[in-house]
Amino acid sequence: MSAMAVLDLKRKLAILSDAAKYDASCASSGAEKRNSLSGPEGRGKGVGSTEGMGICHAYAPDGRCISLLKILLTNFCIYDCAYCINRVSSNAPRARFTVKEVVDLTLNFYKRNYIEGLFLSSGVIQTGDYTMEEMVRVAKSLRLDHDFRGYIHLKLIPEASPELAAEAGLYADRVSINIELPQDESLTILAPEKDPAGIKRAMGRMRLSIEDHNEPAKKAGKRKFATSQSTQLIVGADAARDSDILARSANLYGAYKLRRVYYSAFSPIPDAASRLPSMRPPLMREHRLYQADWLMRFYGFTQGEIVEPGEDLDLTVDPKTAWALRHRGDFPVDVNTADRDTLLRTPGLGTRGVDRILSARRQTRLTLADVKRVCGSTKRAQPFIVTADWTPGGLTDAKGLKASLIVPEQLSLF
Amino acid sequence: MRVVRLASEIDFDGWRRAGRALRAEGVPPEAVVWTVEYDLFADGAAPAAPAKGAGPRFTVPQPFIDLAERVVLNRSNERFALLYTLLWRLEREPGLIDNPADPDLTRARDMAKGVSRAAHKMKAFVRFRLVEGVEPEVYMAWFEPAHRVTEAVAPFFARRFTGMNWSILTPDACVAWDGETLKVSEGADPADAPREDAQEELWRTYYASIFNPARLNPRMMQQEMPKRYWRNLPEARLIPELIESAQRRTAQMVEARPNPPSERVLKAALRHARDGSYGESDPLTLEEAAVAAQVCRRCDLWREATQAVPGEGPARARIMIVGEQPGDEEDLTGRPFVGPAGRLLDKAMLEADFDRRKAFVTNAVKHFKHEPRGKMRLHKTPDRGEVQACRWWLDAERRMVKPRVILALGATAVMGITGRSMPIARSRGAPIALDGGARLVVSWHPSYLLRVPDADARARAYAQLVDDLRLAQSLT
């Protein structure tokens, strides 16, 4: 009998959640709304609900949300991706859950209100199809044997057959395939067995499946097929610039209708491969990429406006402030008259703040104090706006403006 | 001074009745004192609802009711008075509710926000424990909410844990679910709930393992999981040690020397590189061409596209239809003419009595050229260099299929076939002889028809496409 067989559940859980923690995605939002009390399938025999907004049941000391039981079915893997702790050439301890163990663990945690559901990923064992089949069995058992109505996110194995991917979509709320590296060329070097074209094709098929299934299911009042897919890009493991990364994101959002692209600053892993950089990128870089991503999706910015080709984002100020500093001629804007698009491009004003400004100014001429009340703070906005009782004067064009807007870095570790 | 005694700390209905009556009487906010009286039989109970017709008619906007319902659950002592002030002002300033910048409204909104956050955190941080030795299973939790949200949040737990018997004990109130109904009772004591649950050891294992010490950020953690909740979270006891050891663990990882990859792995990588490479040797079969096109790097369009879309149809088709390039759907499915333009072409074929299955259908350019626009991909016409680069594949397809007739749809297709540009309007309608004996028929690209704004022009172009399909068929 091998050492594996005697691993107890606790040890397996430690190994297989440790191995899963490099996946940034933990969202449990955006699933179709359902619960166990009522619904198209009637009252449930089991437990579970998803009510649109995700819930973070705990936060780890890294500040990240713990919403799902995020584990691997196994961390045995036949591949050798340099950035991955589970690559075949790594000396990480190995373990493998049975389908039933994952199902029981999910239900036990869920019934104690530790989690919103399951995020199951896996190393690839034997073949892509074999691995995917095991993962689908977990989701299927939760849904069919236990009438589990919580959240399920399955990581797709890109090389698994389209039929299995489609079956995963039947039981999961979200599926994802990690692109991992922003440039196809680096994928070839750092993840020699991963086929970027295969990943793209699998994402394309999944988008079509999601679109094909959900319209008829909606009409029939039936349980929906997976409602979204997402992916992850690792930042700082290759030479890609922020402009390359954002261009890749813009491409992914457009091509595969992804709900989210996650950016994960490459993190030192135990037993790292020699093909990797020894330094980790500043976490601030990841943060700035998320801000830029938001600007593209909710603030009407195009990727080219945010960062020039071949360039990185400015780490010292947020990308909207950086854009405003490059376009000082467009400022200050009068919050009492400017249109929505212009307000959205103003540093310090978020989408909700802008909507409140638009509503409030129908009632009153806004003062700086008013803007502070609806936006929470005017520190960043002040040099860029005019209100009933405030005008920045020469401040907008002042030489020292940028320096005054730099927030001392607090995200760094040491 | 008027004193209003409400029945409980969360007596929204009582506040509403009293507010209504006071307003009707014209009692200004500064003349009212709001208290909570647990002894309902004491004097000075809440004013009765106003008699019909008393005072001027006044309808409270629904957003204010929604706000007030939440504000009442806040632990702030001034909540009832603030709400009455807002009610009083709403009658006099009807626009108030739509002014998010108003100081009173801002204060109420902040209180409501505190309540919503407390409710959300209750959904997140309640931890059930299995009561030992009871059949069927019963789960219990002790929880201390930041505001008085227990009753308001209880239905959420009923919807979620429908198939479970559970109760949540708090200092304010307790709620219990027996699978059928929710019961509310008075506040309780932590000693009334179980002290342990065997699963908590596993949960702590998970909590410790999912934490990435290289990203330590306790400030962020505490912002979202304030310390006030820690004493009832079984995992929180690990936090000090996890923070303390993070730096050491990260340093060890960075210092550790990388292991060289194994021979076996290197061999696999080499094998992959060999199999995946695209040689410039001519493909000999259509299948080979279709596979090789997937790794084509003759131009840069592969980068943004999902896949190359090779032609499809009988290998010895007498007629070949050439379009411009794949669109959004073609890019995702890997098949030509399956999107909106393809559907229009199918319709025209049906009208022309043209059997698509007998034709080899392909495109002048095999990858989808586009630019991202928000969440869409906008089609972009391939440039001359890209068409030229892709002629390698189109020529290979022509060489292998050897069609008698080629129907070129649109200017890009004409360019791909002939290497030069020709105006469609003047070159369509009659066959053109090509080198090697095949004949070329030129027509409109169906996606051009989809874009023509003028209905008459569109109908005319469509009729011409049908004619050209007939013409092409007649030449086979």
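Helix H13 of chain B bends by about 40° at B:Arg391, the bend being the angle between axes fitted to the seven residues ending there and the seven starting there. This is a predicted model, in which local features need pLDDT of at least 70, side-chain atom pairs count only at pLDDT 80 or more, and totals for chains, interfaces and linings use all residues. Residues are numbered from 1 along each chain as its sequence is written, with chains lettered from A and ligands numbered from 1 in the order in which they are written.

H13(B) runs over residues 384-401 and spans 25 Å from first C-alpha to last, close to the 26 Å expected (1.5 Å times one less than its number of residues). Helices are DSSP runs of H or I with at least four residues, strands are runs of E with at least two, and both are numbered from the N terminus.

Buried residues of H13(B) include B:Cys390, B:Trp393 and B:Arg398; buried here means 20 or more other C-beta atoms, placed from the backbone, within 10 Å of a residue's own. Their cover includes helices H10 and H14 and strands E8 and E9 of chain B, where contact means C-beta atoms, placed from the backbone, within 7 Å.

As for nonpolar cores (buried Ala, Val, Leu, Ile, Met, Phe, Trp, Tyr and Cys residues joined through C-beta atoms within 7 Å), the largest has 189 residues, and A:Ala139 is among those with the most contacts inside it. Helix H4 of chain B gives the most to this core, 10 residues. Apart from it lies another core of 49 residues, B:Cys390 among them.

Note on methods: A residue is buried if 20 or more other C-beta atoms lie within 10 Å of its own, exposed if 12 or fewer, and partly exposed in between; C-beta atoms are placed from the backbone. Two residues are in contact if their C-beta atoms, placed from the backbone, lie within 7 Å.
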